[in-house]
Amino acid sequence: MPCRLFAVILITLVSLAAPVVAQDTASAPEVAPQVAPEAPPGAASSDEGPTDVNTSRDAAALLAEILQDAEARQRLIDRLLSEAAAPEQDAAPAGAVVDPGATGDAAAPARPPSIARQVAERTQGIAEGVVGFGTRLYSSVADLASVATGERQVKWDRLVQSLSRLGIVAAATLIAFWVLKWIAARFFHAMSRRAEGAGWARRAGILLSSNLVDACSIILAWGGGYAFALSLGEGGRMHVQQSLFLNAFLMIELAKVVLRAFLAPRFGTLRWVPMPDDRAGYWYFWASRLIGLLGYGILLVVPIVNTNISFIVGRSLQLLIVVTAAVMAIAIVLRNRRPVRAALEARHRRLPDDMIGKVLSLLGKVWHLMAMAYVAALLVVWNARPVDAVGFMLTATVLTVVSIAAGTLAMILMTRAITGGIRVPASVRESLPLLEGRLNAFIPMILKGLRIGLFIAVLIAIGQAWHVIDINGWLATEAGRDILWRAIAATAIVIIALVVWIAASSWIEYTLNPNVGRIASARQRTLLSLFRNAFMVGLIVVTSMLALSELGVNIGPLLAGAGVLGLAIGFGAQKLVQDIITGAFIQVENAMNEGDVVTVGGTTGVVEKLSIRSVGLRDVAGTYHLIPFSSVDAVSNFMKGFAFHVAEIGVAYRENVPEVKALMQVAFERLLETDHGSVIIGELEMHGVTALGDSSVVVRARIRTQPGSQWAVGRAYNEIVKAVLDEHGVEIPFPHLTVYMGENKDGSAPPIRVRSEQAGGDGQGGS
């Protein structure tokens, strides 16, 4: 067989066998196109010969291992038979989902599954992946045990040679790194002193320059290691193991630079996040150890094992390294659950009303659960996607952090922008004094809605990053676009309704404002108040119906049901209907308005509230009465047009009535000279004697006043009348007790005999 044909067959067998060896049990909804696989890590590592020859050797070794394993060989045979029996199909577009029920020309890309279907498929894949993970973990331990027992042969001479070459370059690189690190420490000391007491802009520049110097020292050490490795090789060539170490060194140390930017263990002033030194040192110690374990283990140790022992053993070792790191991470999280929670809740204890403090306090209660869930997700993804698990996790993590940070920043900026309230110009405030308060009354509701929207958006972004849902694919469908536009239309209807309500309320306020136009009458105030209430109810009903209609709800049955319900209410609540009808006629006839003093249903008071169903009165004692219109058969209004104070003055029978009338006129003239004269309309109306009482003669007069002033005018007039009558000796009678002792025949009164007891006597006295 020609060499080229052999290579093609070998690569095909490896591509078919790789999924079997990986034992990838996760079910993914998308079917990736068949492409030629890349060589496994370390498979192309060889010290001599061209790269394609080394690749063929490693692929041949891998194929031999598969054929030696009975179970793997049978799976490979089954896979080859299924591939051979599969019918030919035209290639579908990338990312398209082909309807399995369609064949031939009828096959066409189907609509992407719904979000619920996507979530169900992902959860099914996770559940199956957990079972597969346990199986792979057991197999990994068995593979490593086979190396220890000698069942798998190890190329010790090749391994020792690779490690010796690797050790020389590693030692040179680390020495250069430590020297550069010692030099950079002097620079960090100087920058740390300058950062103390510096402003935020200068401090940010110092921190950024320190991070750049830290990264440059690592890049220089990495470059020096590369130069040293190239100088050792023949013809300017270096060995793959040396390149693996240098690349792992660069990636791991640059990751530690990011750690030191936030957790600098030695220089507290060079941290972007304020934190005590002991806590920063603790977290940096364990985080750097985990990064080193994962980085050097996966990027260096596993490829060396793949080359010198077995690719299967390397994959098993890789899984055990990940499991070990996960167990360490969970142990660290559980150990620091309470200290981290206390640190996150500190701001909330200092500032109970601070939004950031509330978010941090909530995060402190669940951070350990989130951290352990993240570690578990790492293991699941590693089991389901062993080839691109690192890239997927890094991408998903970065997108998650960016989404949370963007959502938090947007929420903070939005809260700070709205918390101060909305300010309107002074001219607008003068015309509409209640507009600013009305707009600010919507701020809590708007803020709550925006927070809910941001929370949902962050959740969607996180789900998209972790491939839990495919929101982009769902929005690409007709159903997704329809639901999105319906939601936008419903939201727009609600916003327009709020704007219309604010405009209507502002117009009513402008009409009732005496500073910008003529003073509104009591009738206008009452009718506009009723109109505002009725308009609000109608606007709510219309907005709800339109919003539900845009969301796809059939409002026909709702309208029919509302009609039936209204009819039922009309029969069952006749009293309510009577209240409304009577109230409507009272308003049309302008029987009373807010601020009037009326007598309704036997109760007299000031009208404080007037609705279409009832009237609220406040009597002279301060008691509030709510009287439904169905109980009103008459309305007595003391505030219509004008009013009278009726003065009924009682004098003794001996007094001269014309003199009393003249004195009452004098009292009226004095009343006109007081402040009450401005509200008196016309002259004193003298009615004369209206009654001859048991002990007095009643003389009545009437004073015409503006509506609502009759009570104050009457009180003032009574005081003045009393003073005038007293000045002229006119008696205002009051009840007297008269003792009658009889009379003699000649008409004289007999003497009154009075007996008194004398002190020290016998109780007898004379008269």
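Student: Which residues lie nearest the centre of the second largest pocket?
Tutor: The model is predicted. In it, 19 residues line this pocket. Those nearest its centre are Lys 181, Phe 188, Asp 214, Arg 260 and Phe 267.

Student: What is the volume of the second largest pocket?
Tutor: By class, its lining has nine nonpolar, four polar and six charged residues. The space they line has a volume of about 350 Å³.

Student: Which helix supplies the largest share of the lining of the second largest pocket?
Tutor: Four helices each supply at least two lining residues: α5 (156–195), α6 (200–232), α7 (240–263) and α8 (277–308). The largest share is five residues, and its source is α5.

Student: Why is one side of β6 and of β7 left without a neighbour in the sheet?
Tutor: The open sheet has three strands in the order β6-β8-β7, with antiparallel pairing. β6 (643–651) and β7 (685–692) each have a single partner strand, so one side of each lacks a neighbour. The reason is their place at the edges.

Student: Which residue in β8 stands opposite His 645?
Tutor: β6 pairs with β8 (residues 697–705) in the antiparallel sense, over nine bridges. Opposite His 645, β8 places Ile 703.

Notes: Residues numbered from 1 in each chain as written. Predicted model: local features only at pLDDT ≥ 70, side-chain atom pairs only at ≥ 80, totals over all residues. Heavy atoms only, no water. Pairing = 2+ DSSP bridges. 1 Å grid on protein atoms, 1.4 Å probe; cavity = no way out; pocket = protein on both sides within 12 Å on 5 of 7 lines; lining within 4 Å. Points joined across faces, edges and corners; volume = space filled by probe spheres on them. Nonpolar A, V, L, I, M, F, W, Y, C, P; charged D, E, K, R; others polar.
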